[in-house]
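Welcome! Have the sequence and the 3D view open, and try each exercise before you read its solution.

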Amino acid sequence: MGSTEIAPPDVPSFYETEISWDKLDKTKFYVVGAGIFSGVTLALYPLSVIKTRMQVASKDAVQKNVFSAFRNIVKVDGIPGLYRGFGTVITGAVPARIVFLTSLEMTKEASLKLVEPFKLSEPVQAAIANGIAGMSGSLCSQAVFVPLDVVSQKLMVQGYSGFAKYNGGFDVVHRIIKSDGVWGLYRGFGLSVMTYPPSSAVWWASYGSSQHIIWKLLGHGNEKKNVPSQWNIVYAQAASGVVAGAVTSCVTTPLDTIKTRLQVPSSSLLCSQL
C-alpha cells in the first residue's frame, strides 16, 4: 500500500502576493504614498536646485562641479537657498502624485492581465506591465507637473546670474500669465511629454524586471513557495530602485537639460525684455 503524500501548504510566491488595485486600501495608499514622495522630495530637493542652476548658468557664472555650485549657493543664500521653491513644489506635488499613482496602479494591473496569456518569464512580464504603467502615469500627471516645474525652476534660479526675483510661487504664476498667458505655464510641455513618460517607462520597466531577477537570486522564485522577510523586501526594492535610477539617468539627462533651458529663458533674454 503506497504512502500518501502530504501536500505542502499553499503559500503564494512573491509574484502572486502583489496586491490588486481593487483590494488596495486607497486611503492608506494615498497617505503613505504622498508621505514617502514628500520625504524623498525633501531629501533630494537641494540636488534639484543645484542641477537647475548648473543647467541655466551663463558662461561667466558656470560652476565647475556640483560641490562648487553647492558652496556658492550656501555662501550667498545660506541653507534656505537650497530649498528655494520647495513650498510650491510640495503643495503641487500631492495632487500630481495622486494622479500618477492612480494611473500607475490601474494600468499595471490591466497590463499584467494582457501579457499573462503570452506565458512570458516573470521579469519580462514585470518589465512590460510596469513600463506601460509608468508611461501612463507620467503622461496623465504632466498636466499638473509641467506648470509646477516651470514655477519651481524660476524660484530656484531667482536672483542668480541675472534672473528675476519673485515674491513666492503666486507671484511667478501672475507674471507668467501676464506676459505669456496661461500657455506660458506649459512652456516645454511637448518636450516634457517626450521626456518624462518614456523615462518613467524605462524606470518602472527596469525596476519591475530587476526586482524579479533579484527575488530569484535570493531564492524566492516560483519554484520555491516561501514568502520573503521584510528585510529581504527592503533590500530587493532598494537595489531595484538603484538599478532603475542608473538606467533612466543615462536616457533622461540630455533631454532634461534642453527642457530646463526652454522653461527658464536665459538671463540675457530676460534683460532684453525688461
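**Getting started**

Leu-47 lies in helix α1, residues 26-56; helices here are DSSP runs of H or I with at least four residues, numbered from the N terminus. This is a predicted model, in which local features need pLDDT of at least 70 and side-chain atom pairs count only at pLDDT 80 or more, while totals for chains, interfaces and linings use all residues. Residues are numbered from 1 along each chain as its sequence is written, and side-chain values use heavy atoms, with hydrogens and water left out.

**Exercise 1.** Find how α1 and α3 are placed relative to each other.

*Solution.* Step 1: look at helix α3, residues 86-115, which packs against α1 at an angle of about 135 degrees, with the axes 9 Å apart. Axes are lines fitted to C-alpha atoms, for helices over the stretch in contact, and angles run from 0 to 180 degrees between N-to-C directions.
Step 2: angles under 35 degrees count as roughly parallel, over 145 as roughly antiparallel, 65 to 115 as roughly perpendicular and the rest as oblique. Therefore α1 and α3 are oblique to each other.
Step 3: look for the contacts (heavy atoms within 4.5 Å). Among the residues that meet are Phe-29, Tyr-30 and Phe-37 in α1, and Phe-86, Val-89 and Leu-101 in α3.

**Exercise 2.** Work out how α4 lies against α3 and against α7.

*Solution.* Step 1: α3 packs with helix α4 (residues 122-157) at about 165 degrees, and their axes are 7 Å apart. The two are therefore roughly antiparallel to each other.
Step 2: α4 and helix α7 (residues 230-263) pack at about 75 degrees, with axes 10 Å apart. So α4 is roughly perpendicular to α7.
Step 3: here Val-146, Asp-149, Val-150, Gln-153 and Lys-154 of α4 meet Lys-259, Thr-260 and Gln-263 of α7.

**Exercise 3.** Which side chain does Asp-77 meet in a salt bridge?

*Solution.* Step 1: a salt bridge is a side-chain nitrogen of Lys or Arg within 4 Å of a carboxyl oxygen of Asp or Glu.
Step 2: the partner of Asp-77 is Arg-53, at 3.5 Å from N to O. This pair links distant parts of the chain, with Asp-77 in helix α2 (residues 66-77) and Arg-53 in α1, 24 residues apart.
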